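Subject: the structure, and what turned up in it

Hi,

Here is the structure I promised to pass on. Have a look at it first, then read my notes below.

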Amino acid sequence: MTSLGTHTDTDVLVVGAGPTGLLLACELALAGVRTLVAERRDAPHRESRALNLHPRGIELMDMRGLADRFLSRGRTVPGWQFTATLPHRLDFTALDTRHPYALLLPQARTEALLEERARELGVRIRRAHRVVALGRSAAGVDAELRGPGGEVTVRAGYVVGCDGGRSFVREAAGIGFPGTRESMTAVVGDFAVADHAHNERARRHGVLVARLEEGLTRFVVMDPLRIRVPSTEPVTLAEFRASLSRVCGTDCGVGEPRWLSRFGNATRLAQSYRRGRILLAGDAAHVHFPVGAQGLNTGLQDAMNLGWKLAATVHGWAPPGLLDTYHGERHPVGRAVTDGTRAQTLLVELPLTEEYGRPAALLCELLDTLLGMAEVNRHLAGRISALDTRYPPAAPDADPLSGRRMPDIGLTTSAAGRAVRVYELLRDGRFVLLRLGRGGGPEPPAIGDRVRVVTARSHDGHRDLEGVREVLVRPDGHIAWAGRAGGPRSLGAERSRALAAWAGSGTGSAGQASTP
């Protein structure tokens with residue numbers, strides 16, 4: 001690792017080399033932003049805290065041409081638990097996506113793949129460097145880093161805290177982190193030895209059991225006699241075996257633990273995701289009980305939303321207020337996730353208590369019956385997978401598609417019949433203006449290179465796109481604008497306003513239109 005010297009400049013300093021920080025660094029570098037990642041750990045995590053990518057997380061990788069890398073290193077499953085107390089699982093196969101599954105992939109592997117991509121894009125990553133001070137000014141942020149060679153000053157245009165629930169960046173920025181304190185804990189262990197004959201029995205008693213790579217098996221246990229033990233208390237193998245035996249009548253033959261930990265249900269959401277030139281993403285912005293496996297996936301979506309907006313701001317072409325939409329769009333998502341996980345956690349905690357155990361068990365039976373209904377299951381699966389995430393419309397009269405996820409339809413873009421998917425068009429992180437066959441408006445004037453213009457001779461049918469003539473797709477795969485009725489002139493005027501509002505000045509009068 002090369003030295004940073006005593007002073008260095010960068011456009012953006014990302015603090016934290018977890019999945020959120022690494023994906024954000026990739027997005028910034030893809031857009032030509034000088035990016036430095038500072039990570040206090042001297043080596044990547046060997047323990048795999050989070051286990052999976054949900055469908056939207058896989059879609060994000062697909063948009064950047066990384067899906068095959070991830071899929072080749074993990075194992076897909078058709079759904080995931082809403083809670084361990086409900087036998088019915090969320091069915092991702094019923095969702096409108098090319099990736100109707102969860103990908104079981106240990107967090108350590110996710111980080112390794114994202115770090116590999118970040119280095120391909122030229123991101124500087126400095127491990128064993130801890131941020132110890134932040135000084136803000138109108139021109140930038142001075143960050144003091146302490147590393148093996150001493151202290152170094154980094155002058156950055158912006159700093160993004162992706163440094164976890166105990167975020168130094170968040171505290172230094174003075175951003176509040178209100179929420180609820182820990183009231184329940186669970187234990188997790190990855191074991192090299194386990195008797196898999198007992199796996200289904202353990203699952204029937206609410207134990208999460210997952211087969212990992214390298215022969216490891218993960219168990220997550222909520223023991224009624226131990227759920228009030230503080231998360232700071234270490235976990236022993238003897239305790240883990242005793243808890244398994246109490247909960248499901250067997251210790252499942254676990255042995256040779258590679259990782260043991262205790263985690264709690266403290267739930268907090270940052271008051272703001274931005275204060276001037278300092279921003280937050282991932283666990284630095286929101287923490288919650290890991291029910292539904294939403295934490296890592298929510299952080300990746302934060303990074304995808306922020307990356308192109310911050311790059312636009314650094315490069316000077318961002319329309320007024322664009323960077324503020326990061327908080328405006330992602331904070332409500334963080335609120336929904338933290339509120340939702342609190343409700344899900346109660347379905348786990350209350351059946352374990354003496355006072356509420358019986359009525360809570362009856363409530364779980366009722367909810368499990370509802371989860372067995374296709375419409376209810378599909379609704380909750382869309383919510384947990386984040387496929388139904390919709391950002392607030394930019395204007396009161398915006399099209400109903402505004403802010404929604406763009407479906408990955410197939411297109412034919414030339415007389416030769418070249419086929420391409422929408423997400424393939426997003427690989428370079430630019431906007432995509434789709435002109436849907438003969439229904440599109442007049443040929444647009446020259447558009448700057450921030451927008452790729454694609455005319456589809458034909459395309460897959462999709463219920464959401466009925467009557468739509470043109471669509472402006474954001475770099476993060478959400479719809480900025482959709483044009484429907486009206487004559488060619490009015491549609492062209494709408495398009496020009498949308499391009500200026502989202503892609504900035506110069507997108508309607510200069511540059512060269514590009515096609516795939």
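Which side chain does the side chain of Asp464 join in a polar contact of 3.1 Å? The partner is the side chain of Arg404. A polar contact here is a pair of N or O atoms within 3.5 Å; within protein, one must be able to donate a hydrogen and the other to accept it, and residues adjacent in sequence count only if both atoms are side-chain atoms.

Before going on, please keep in mind that this is a predicted model, where local features need pLDDT of at least 70, side-chain atom pairs count only at pLDDT 80 or more, and totals for chains, interfaces and linings use all residues. Residues are numbered from 1 along each chain as its sequence is written, and side-chain values use heavy atoms, leaving out hydrogens and water.

Back to Asp464. Asp464 and Arg404 also form a salt bridge through their side chains, at 3.1 Å from N to O. That term stands for a side-chain nitrogen of Lys or Arg within 4 Å of a carboxyl oxygen of Asp or Glu. The pair ties together distant parts of the chain, 60 residues apart: Asp464 is in the loop between β25 (458-459) and β26 (470-473), and Arg404 is in the loop between α11 (374-385) and β21 (410-412). Those labels come from DSSP runs, numbered from the N terminus: helices are H or I with at least four residues, strands are E with at least two. Leaving aside residues up to four places away in sequence, Asp464 touches Leu401, Arg404 and Arg484, where contact means heavy atoms within 4.5 Å. Arg404 is partly exposed, at 30% relative accessible area (buried is under 20%, exposed is over 50%, partly exposed is in between, with a 1.4 Å probe and protein chains only).

Side chains of opposite charge can pair when their charged atoms come close. The count for this model comes to 37 salt bridges. One of them joins the side chains of Glu329 and Lys309, at 2.7 Å from N to O. Here Glu329 belongs to helix α9 (residues 324-349) and Lys309 to helix α8 (residues 295-315), 20 residues apart. Both ends are buried: Glu329 has a relative accessible area of 5%, and Lys309 is at 0%.

Arg495 pairs with Glu470, with the closest N and O atoms 2.8 Å apart. Arg495 sits in helix α12 (residues 488-503) and Glu470 in strand β26, 25 residues apart. Arg495 is buried at 3%, and Glu470 is buried at 0%. There is also a network of salt bridges that links Asp62, Arg98, Asp408, Arg421, Arg427 and Asp460.

Strands

Now look at strand β10 (residues 141-147). Its covered face holds Val141, Ala143, Leu145 and Gly147, while Asp142, Glu144 and Arg146 are on the uncovered one. β10 runs antiparallel to strand β9 (residues 130-136), with 6 bridges between them; strands pair if DSSP finds at least two bridges. Ala133 stands opposite Glu144, and the two strands make a hairpin with 4 residues between them. β10 also pairs antiparallel with strand β11 (residues 150-161), over 7 bridges. In β11, Ala156 is the bridge partner of Val141, and a hairpin of 2 residues joins β10 to β11.
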